[in-house]
Amino acid sequence: MVIGGPGAGKSTFARALGSRLGVPVVHMDTLFWEPGWVMAGETDLRTRVAAAVAGDAWVMDGNYSRTWPIRLARADTVIFLDIATPRRLWRVLGRIAAGYGRDRPDVGPGCPEKLDLDFIVNWVGRYRWRARPKALELIAEAGPAGHLVRHHLTSPRAVAQFLKGQGRKAA
């Protein structure tokens, strides 16, 4: 289970880790967003998440903390990509510039990349105060992920070293 702020590199990391481990990768955004950037209903989201984690092995990226109990019950590891806000902002702006108007594969069809100032201000800019404390609590020794292997990666170098350490495993 890979969590972190917008632009932390969750989807890229999940794809790399899934490839190294030879397991499917599930992006929470594909479960949450319907075409036209319409949010899935709560029941639909929970049903989709439960189905996604029913498999024997997977890598799932995304926050959506209200689904953490479903995912944590089936996960063996939680990885928090705790990347600094300026770097995350730069990545989000780069992603928007590179993919503007085109669907993102980690979000799903009918959700083209767009410039959304509310997202940039409230999710990218305020993540450290709004959602990061909850992520830190999750990976804390006494937190709800206490039964899991926990990794707190705070830089692109730490992320690269972690992935390098995974090696290539046979599927």
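Which residues does His27 touch, not counting residues up to four places away in sequence? In this predicted model, His27 touches Ser11, Arg15, Asp61, Pro105 and Asp106 when residues up to four places away in sequence are not counted.

- His27 has its place in strand β2, which spans residues 25–27.
- With a relative accessible area of 9%, His27 is buried, because buried means a relative accessible area under 20%.

**Helices α1 and α9**
- The axes of α1 and α9 cross at roughly 15° and come within 9 Å, and the two helices are therefore roughly parallel to each other.
- The crossing of this pair, α1 and α9, is right-handed.
- On the α1 side the contact is made by Phe13, Ala16, Leu17, Arg20 and Leu21, while α9 contributes Val159, Phe162, Leu163 and Gln166.
- Sorted by class, the residues in the contact of α1 with α9 are 7 nonpolar, 1 polar and 1 charged.

**The two sides of helix α9**
- Helix α9 covers residues 156–166, and its buried residues are Val159, Phe162, Leu163 and Gln166.
- The exposed residues Arg157, Lys164 and Gly165 are carried on the face of α9 that is turned away from its buried side.

**The buried side of helix α8**
- In helix α8, which runs over residues 132–139, the residues Arg132, Ala135, Leu138 and Ile139 are buried.
- These residues cover an arc of only 115° around the axis, and this puts them on the same side of α8.
- The cover over the buried residues of α8 includes β1 (2–4), α4 (68–72), β6, α7 (127–130) and β7.

**Helices α5 and α6**
- Helix α5 (residues 85–99) packs with helix α6 (residues 117–125) at an angle of about 150°, and their axes lie 11 Å apart.
- That angle makes α5 roughly antiparallel to α6, since angles over 145 degrees count as roughly antiparallel.
- The crossing in which α5 passes α6 is right-handed.
- Thr85, Arg88, Leu89, Val92, Leu93, Arg95 and Ile96 of α5 meet Phe119, Ile120, Trp123, Val124 and Gly125 of α6.
- By class, the contact of α5 with α6 comprises 8 nonpolar, 2 polar and 2 charged residues.

Technical notes
Residues are numbered from 1 along each chain as its sequence is written. This is a predicted model: local features need pLDDT of at least 70, side-chain atom pairs count only at pLDDT 80 or more; totals for chains, interfaces and linings use all residues. Side-chain values use heavy atoms; hydrogens and water are left out. Axes are lines fitted to C-alpha atoms, for helices over the stretch in contact, and angles run from 0 to 180 degrees between N-to-C directions. Helices (H or I, at least four residues) and strands (E, at least two) are DSSP runs, numbered from the N terminus. Angles under 35 degrees count as roughly parallel, over 145 as roughly antiparallel, 65 to 115 as roughly perpendicular and the rest as oblique. A crossing is left-handed if the near helix is turned anticlockwise from the far one by less than a right angle, and right-handed if clockwise. Contact means heavy atoms within 4.5 Å. Ala, Val, Leu, Ile, Met, Phe, Trp, Tyr, Cys and Pro count as nonpolar, Asp, Glu, Lys and Arg as charged, and the others, Gly among them, as polar. Buried means under 20% relative accessible area, exposed over 50%, partly exposed in between (1.4 Å probe, protein chains only). The arc is that of the directions from the helix axis to the C-beta atoms.
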